[in-house]
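Here is a short tour of a protein model, written for someone who likes to know the cut-offs. Please have a look at the sequence and the structure first.

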Amino acid sequence: MPATPNTDKELVLDRLIDAPRDKVYRCWTEPDLIKQWFAPKPWTTPKVEIDVRPGGANTVTMADPEGNEYPNPGIYLEVVPNEKLVFTDAFTAGWQPTDKAFFTCELTFADEGGKTRYIARAKHWTLEDKQQHEQMGFHEGWGICADQLEALAKTL
C-alpha cells in the first residue's frame, strides 16, 4: 500500500526504485551524483555544497534552461546512513533561522525485494505552502527526479 500524507500539510512521493538502497542513498549524499539527477530536466544542478550530518549545512543550486540559478539552502536534522535523511530550509549554517521556512523533507530508504522503497515526505509549515508546492508541480517534478535518481543509481 503506498504511503499517504500524515497531515493535511504534507505531500508524499512513494516509489519502488530498482536499485539497492545504499546506491539510492549515495545519490542523495554525494555532490557529484546529486548534480546528475536532482533537478527535472531541462533544469540542471550546477552547484552542490553539503555537510551530511545532523546540523550540517547544505545548499543545492538549481538552474533553469536560461541559466538563472536558484540556491536552496538548508540544514540536516537527522542522518541515518542508508535509511533516512531529514533536512529543512527553516535554518542554514550555524542554526541561523531563514526569513521564510517553507518545508522540511523526510526521506526514507528501505529494502524491498532487492529494490528500494523510497518515500519522500514534504512537510510544510502552512496549508498555503503545501498548496503552493503542489501547484509548482511537486508530484510531477519530484516524480521526474525520482526517475532520474533511479536511472543513475542503477549505474553505480
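## The nonpolar core

In this predicted model, the largest nonpolar core holds 35 residues, and W28, W37, L107 and Y118 have the most contacts inside it. Such a core is a set of buried Ala, Val, Leu, Ile, Met, Phe, Trp, Tyr and Cys residues joined through side-chain atoms within 4.5 Å, where buried means under 20% relative accessible area, exposed over 50% and partly exposed in between (1.4 Å probe, protein chains only). Helix α4 (residues 138-153) gives the most to this core, with seven residues.

W28 is in contact (heavy atoms within 4.5 Å) with residues including W37, L107, Y118 and L149, leaving aside neighbours within four places in sequence.

Helices (H or I, at least four residues) and strands (E, at least two) are DSSP runs, numbered from the N terminus; two strands pair if DSSP finds at least two bridges between them.

Strand β1 (residues 10-17) runs antiparallel to β9, joined by eight bridges, and β8 (residues 103-112) is also antiparallel to β9, with ten bridges. R117 is the bridge partner of L16 and stands opposite A110.

## E83 in its loop

E83 sits in the loop between β4 (69-80) and β5 (84-88) and is partly exposed, at 40% relative accessible area.

## About the values

Residues are numbered from 1 along each chain as its sequence is written. Local features need pLDDT of at least 70 and side-chain atom pairs count only at pLDDT 80 or more, while totals for chains, interfaces and linings use all residues; side-chain values use heavy atoms, with hydrogens and water left out.
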